[in-house]
Amino acid sequence: MLMNKTALTENGNTRLDSLVLLRGIAVLMVCFSHFGNALRKGETFSDLFTLFHEYGVYGVNIFFVISGFIIPLSLYKGKYSINNYHRFLYKRFLRLHPSYLAALALTLVIMYFSYRTRHQPYPENAISILKSIFYLHAPNDNPVFWTLAVEAQYYIFIGFFFVLIMKRSWIAYFIVMPILLIAGQVLNHDVFLLFYYFVFFFVGNVGYMIYSGNGNKTMNYIVLAGLLLFIVFLYTLPAFIAAFVAITFILLFRKSLPPVLKFAGTISYSLYLIHFPVGTKIINFTKGKVSPSYNWILFFLTLIITLIVTWIFYKVVEEFSERVSKKIKYNIT
């Protein structure tokens with residue numbers, strides 16, 4: 001049963017177990033993709049690692065659906081108004097950017113020693129590093145950073161769109177959404193990243209409307225179905241499955257979970273930020289020294305080591321940012 005407005009208002013916990021679990025699944029999919037890619041050229045388990053590589057990338061689509069859902073939910077519960085737009089962006093900045101900068105610094109240090117060991121020129125310079133600070137460049141040794149630019153653009157957008165979808169949902173659904181979805185198909189995807197992925201955020205946005213009981217119930221379900229059909233015809237079947245399963249799970253899953261099942265989801269942002277430079281370097285350094293028949297052991301050992309390093313990163317960096325961000329409250333008017 002979906003939560004109504006009263007229950008949603010009375011329940012102060014926005015950190016829903018379904019979202020934590022889903023975040024964990026999504027980030028592990030991305031880890032499996034990158035670790036599998038580093039191991040898929042061997043003769044042993046190559047088909048399995050190729051499968052991980054090809055389908056794990058759709059964890060990113062799940063993340064976009066989650067963001068589309070949880071940000072409007074947090075704005076709703078915080079009694080957000082457009083007057084708090086700058087506070088919203090400031091909260092997001094405090095919550096996410098310090099961890100990103102720490103992950104960027106870690107990436108650059110790992111890159112330095114890696115290239116120096118291989119006697120290759122360091123590919124980054126002052127300009128590229130400066131661009132990276134503002135999400136305008138992603139180092140080759142941590143390609144996941146491109147998605148952070150998409151998320152940053154989404155935060156700038158949702159602070160306005162939330163107000164529209166709450167007050168004039170029919171305008172949001174039948175004018176703004178179609179224009180942006182069409183733009184996502186005709187604009188340069190390398191420049192207008194958010195436009196291409198808008199549909200996944202919109203799935204989360206409409207899911208939020210259904211979950212919170214806002215807007216017309218029938219219209220919400222019709223628009224959600226239309227968005228999913230849009231993905232079917234203009235994206236890929238795995239992308240549709242990822243979006244459909246994600247929003248269905250968010251809307252229907254209502255059980256509490258033990259801490260062990262929430263571990264990966266709790267540290268998911270940190271794990272997403274640093275798994276590539278940590279995990280792939282371990283694999284690339286080790287795989288030539290062991291038999292390919294042990295690649296599956298290397299895969300899981302890398303995952304365990306990466307989780308341990310991530311937990312330390314989370315406790316030292318992200319947890320502090322999380323606490324600071326929560327102290328910023330919206331002005332209620």
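I looked up the second largest pocket and noted a volume of about 400 Å³. I took a pocket, on a 1 Å grid over the protein atoms alone, as an open set of points where a 1.4 Å probe fits, with protein on both sides within 12 Å along at least five of seven lines; lining residues have an atom within 4 Å of a point. The volume is the space filled by probe spheres set on the points. I record that the model is predicted, that local features need pLDDT of at least 70 and side-chain atom pairs pLDDT 80 or more, while totals for linings use all residues. Residues are numbered from 1 along each chain, and side-chain values use heavy atoms, without hydrogens and water.

I found 15 residues lining the second largest pocket, with S114, R118, K281, N284 and F285 closest to its centre. Both α5 and α13 give two or more residues to this lining; helices are DSSP runs (H or I, at least four residues), numbered from the N terminus.

I then turned to the largest pocket, which has a volume of about 1500 Å³. I noted 48 lining residues, with R23, I71, R92, R95 and L96 nearest the centre. The largest share of this lining, 9 residues, is from α4. Other elements that supply at least two residues include α2 (17-39) and α14 (295-326).

Last, I looked up N214, which sits in the loop between α9 (193-212) and α10 (217-234). I noted N214 as buried, at a relative accessible area of 7% (buried means under 20%, with a 1.4 Å probe and protein chains only).

Methods
Buried means under 20% relative accessible area, exposed over 50%, partly exposed in between (1.4 Å probe, protein chains only).
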